[in-house]
Amino acid sequence: MLTSLLLGIATRCLGRLTVPVAAGATVALLALTTIGQAHTQERPVAFVGVHVIPMDREQVVQNQTVVVRDGRIVAMGPARQTEVPDGATEIAARGMFLMPGLAEMHAHVPSPRQEEVLGAGYTERVLFLYVASGITTIRGMLGDPSHLEVREHLRRGDVLGPTLYTYGPSFNGNSAPRPETAIAMVRNQAAAGYDFLKIHPGPSRATFDALAQTAGEVEIRFAGHVPADVGLERAIEARFASIDHLDGYVEALAAGRTEPGTQSGFFGSNLVDAVDESRLPALARATREAGVWNVPTQILMAGFGGGDDPDAAGQRPEMQYMPPQVVAQWVRTKRNFQQQDGYSREQIQRFVELRGRIIKTLHEVGAGLLLGSDAPQVMNVPGFSALAELEAIVAAGLTPYEALETGTKNVAVYFDTIDESGTVEAGKVADLILLSANPLADVRNVSNRVGVMVRGRWLPEAEIQRRLAEIAAVYAGN
């Protein structure tokens, strides 16, 4: 599947090269050659005079030099006291801001079938869209055997893209109809080397219980949706690695307060007027005590269910980077949702606001939150939607720093890689975003990129824009 290796780059230059990186520059900032394989940066890179947002605490460390060699940060200190190695590429970053790369914790990687339908190179293009927005780690939430190979290509650097943690094919009512089926699936997926198990709606309580017990025996974590027959309290008790979409919370808040046979709707959207919010603090504390994380995907709810015009949503600038048939399907899906019986724009707005209060309460009691938007998914273009999710988290009541934690330090804690990633400091993997404005002042400044570094590979914004233009040209020709 990864045959074109579209995204390979290499730096070819001799001696020290000083690179001015004024925001909005339209010229190539590094001499880059697209080749058949993405090589490790051949020379050290030094960000000189940069303000560092380390994300180990809420502060800006001013006027630093950060040196990267062989994919790692090897030095960081005051600009006047930190030596730039001979032969290094200098990034003139005075007045700019350097922060850790972000994670998309509810991502999707295309399957071979999607590659066949949407054209060769679709997978590489999706992987690049994540990187283009500074997403340097993704959690692929709906796995396929081919994704094990993709994960290895990315680890080896055959293709430029984010670090991938992959789930196996999902456990749902069709794939796991009985406990014995689920037990076999758990053992097979653990043996195959998947990082997690994906739970979808459908499994019975007995099937889920067998799954959870077996997963504990073979030491593989499970996460995703909360099946209706399982419910939030059992999901918390079973210690989901993460609950995605806040699935089950609205239903738990409305339990026993609706007429028999009431359909919960889209993640509980039909129950918004029946909830008892006084139950929320206890549910949030139980979540924290069990060590269960949440990936809210708030932007998915607002974008998919919101009352904005589907055709206008399909014309947003980032849609040019997705296949036209995918965008057309998203528009139809959104329109069909709005046209179903009982749809109310006002009710969906109350639903989104309720979810915001759930997010805020989880954060206030110390339950872990992770950045995720569910992309590519209805109206969510990879990378772009994760940055929109940051804004949604701030709108729920978190500060910009707290929102950024969900995509940086929190992710490293979740994966138990805090010694390797999640912050900017010597010894860490060099997954970085260089910005022209401070994201702690306004989280929207994460979109003001000057460049992205992925495991030590520097992509200046001019190169990112060139590659985005190539992707848009592919789809414009369809």
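Which side chain meets Arg350 in a salt bridge? Select Arg350 and Asp273: their side chains form the bridge, at 3.0 Å from N to O. A salt bridge here means a side-chain nitrogen of Lys or Arg within 4 Å of a carboxyl oxygen of Asp or Glu. Side chains of opposite charge can pair when their charged atoms come close.

A quick word before we move on. You are looking at a predicted model, where local features need pLDDT of at least 70 and side-chain atom pairs count only at pLDDT 80 or more, while totals for chains, interfaces and linings use all residues. Residues are numbered from 1 along each chain as its sequence is written, and side-chain values use heavy atoms, with hydrogens and water left out.

**Stop 1: still at Arg350**

Colour by secondary structure (helices, H or I, of at least four residues and strands, E, of at least two are DSSP runs, numbered from the N terminus). Arg350 is in helix α12 (residues 345-365), while Asp273 is in the loop between α7 and α8, so this pair links distant parts of the chain, 77 residues apart. Now show the surface. Arg350 counts as partly exposed at 33% relative accessibility, and Asp273 is exposed, with a relative accessible area of 58%. The cut-offs are under 20% relative accessible area for buried, over 50% for exposed and partly exposed in between (1.4 Å probe, protein chains only).

**Stop 2**

How many salt bridges does the count come to? The count is 28.

- Select Asp276 and Arg279, which form a salt bridge with their closest N and O atoms 3.7 Å apart. Asp276 is partly exposed at 22%, and Arg279 is partly exposed at 29%.
- Select Lys428 and Glu425, whose side chains meet in a salt bridge at 3.2 Å, N to O. Is Lys428 buried or exposed? Lys428 is buried, with a relative accessible area of 5%, whereas Glu425 is partly exposed at 32%.
- Select Arg151, Glu152, Arg155 and Asp195 together to see a network of salt bridges.

**Stop 3: rings that pair**

Now for the aromatic side chains. The structure holds 16 aromatic pairs. Rings of Phe, Tyr and Trp (its six-membered ring) pair if their centres lie within 6.5 Å; planes under 30 degrees apart are stacked, over 60 edge-to-face and the rest tilted.

Select Phe266 and Phe337. Their ring centres are 5.4 Å apart and their planes are at 65°, so the pair is edge-to-face. Phe266 sits in the loop between α7 (249-253) and α8 (280-290), and Phe337 in helix α11 (residues 324-339), 71 residues apart. Phe266 counts as buried at 18% relative accessibility, and Phe337 counts as buried at 11%.

Next, select Trp293 and Tyr414, another edge-to-face pair, 5.7 Å centre to centre with 85° between the planes. Trp293 is in strand β15 (residues 293-295) and Tyr414 in helix α15 (residues 409-415), so the pair ties together parts 121 residues apart in sequence. Trp293 counts as buried at 16%, and Tyr414 is buried at 3%.

**Stop 4: the cluster and its charges**

Which residue lies over the face of Tyr414? Select Arg221, which lies over that face at 4.8 Å from the ring centre. A charge sits over a ring if NZ of Lys or CZ of Arg is within 6 Å of the ring centre and within 35 degrees of the ring normal. Finish at Arg139, which lies over the face of Phe196, at 6.0 Å from the ring centre.
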